[in-house]
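Biologist: Thanks for sitting down with me. Could you walk me through this model, one question at a time?

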Amino acid sequence: MFKTVTGGCYCGAIRYESTKPPVTTGMCHCRMCQRWTGMAAGTGAFFDLDSFRFTKGEPARFMTSPILERHFCPECGTHIGHSYATGDMSNQESIFIGTLDEPLEIESPAFHFGVEDHLPGWIQLQEGIPQVRADSSPLIKKAFEQVRSKSGDG
Ligand SMILES: [Zn+2]
Ligand SMILES: [Zn+2]
């Protein structure tokens with residue numbers, strides 16, 4: 001039986017819940033996720049905005065590209081997730097799975113994205129899970145080109 005998914009930031013200022021399970025899950029290995037999270041890759045559980053809401057506090061927001069709005073705690077800096085300003089997934093909030101109260105309930109990613117920037121010495125990609133290049137999407141390719149040079153990724 002499904003129970004409401006809950007989570008929040010390190011300091012507790014931001015809390016969220018979803019009354020439905022994630023629509024999909026994935027890891028993103030792109031340079032923007034690496035740069036913004038400071039990690040080897042971003043993890044995502046994608047929740048439909050119809051069932052997802054912030055229940056405590058309001059995350060700070062930052063556009064890392066023209067299409068992606070990042071959400072983080074203004075108090076402790078925890079990277080919480082992101083939403084898309086446009087495209088198929090603009091009705092979803094993607095949550096970094098480490099902020100879930102019970103991350104073990106999200107078994108594994110359904111896809112790997114941005115694999116052209118994957119760091120093989122740090123993360124091994126499971127066999128049988130689709131691997132998608134970020135530059136296979138014209139929308140994402142264009143957005144990346146607009147901001148890459150700013151962060152030193154020339
Ligand atoms: Zn916090
Ligand atoms: Zn990414």
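Biologist: In what order do the elements of the protein run from the N terminus on?

Modeller: Happy to start there, and please keep in mind that this is a predicted model. The protein has two helices and eleven strands. From the N terminus on, the order is β-β-β-α-β-β-β-β-β-β-β-β-α.

Biologist: How does the radius of gyration of the protein sit against the globule rule?

Modeller: For 154 residues the globule rule gives 15 Å, and the protein comes close to that, so it is as compact as a globular protein of that length. Along the principal axes, the C-alpha trace spans about 40 × 35 × 30 Å. The radius of gyration itself is 15 Å.

Biologist: Which strands are the edge strands of the open sheet?

Modeller: Eight strands make up this sheet, with mixed pairing, in the order E6-E7-E8-E9-E4-E3-E10-E11. An edge strand here pairs on one side only, and that describes strand E6 (60-65) and strand E11 (131-132).

Biologist: Which residue in E10 is the bridge partner of Met27?

Modeller: Strand E3 covers residues 24-28 and strand E10 covers residues 111-113. The two pair in the parallel sense over three bridges. In E10, the partner of Met27 is His112.

Biologist: Why is Arg53 classed as partly exposed?

Modeller: Arg53 lies in strand E5 (residues 52-56). Arg53 falls in between because its count within 10 Å is 13.

Biologist: How far apart in space are Arg53 and Tyr16, C-alpha to C-alpha?

Modeller: Leaving aside neighbours within four places in sequence, Arg53 is in contact with Tyr16 and Glu17. Arg53 and Tyr16 are 37 residues apart in sequence, while their C-alpha to C-alpha distance is 5.7 Å.

Conventions: Residues are numbered from 1 along each chain as its sequence is written. Chains are lettered from A and ligands numbered from 1 in the order in which they are written. This is a predicted model: local features need pLDDT of at least 70, side-chain atom pairs count only at pLDDT 80 or more; totals for chains, interfaces and linings use all residues. Two strands pair if DSSP finds at least two bridges between them. Helices (H or I, at least four residues) and strands (E, at least two) are DSSP runs, numbered from the N terminus. A residue is buried if 20 or more other C-beta atoms lie within 10 Å of its own, exposed if 12 or fewer, and partly exposed in between; C-beta atoms are placed from the backbone. Two residues are in contact if their C-beta atoms, placed from the backbone, lie within 7 Å. The radius of gyration is taken over C-alpha atoms; the globule rule is 2.2 Å times the number of residues to the power 0.38.
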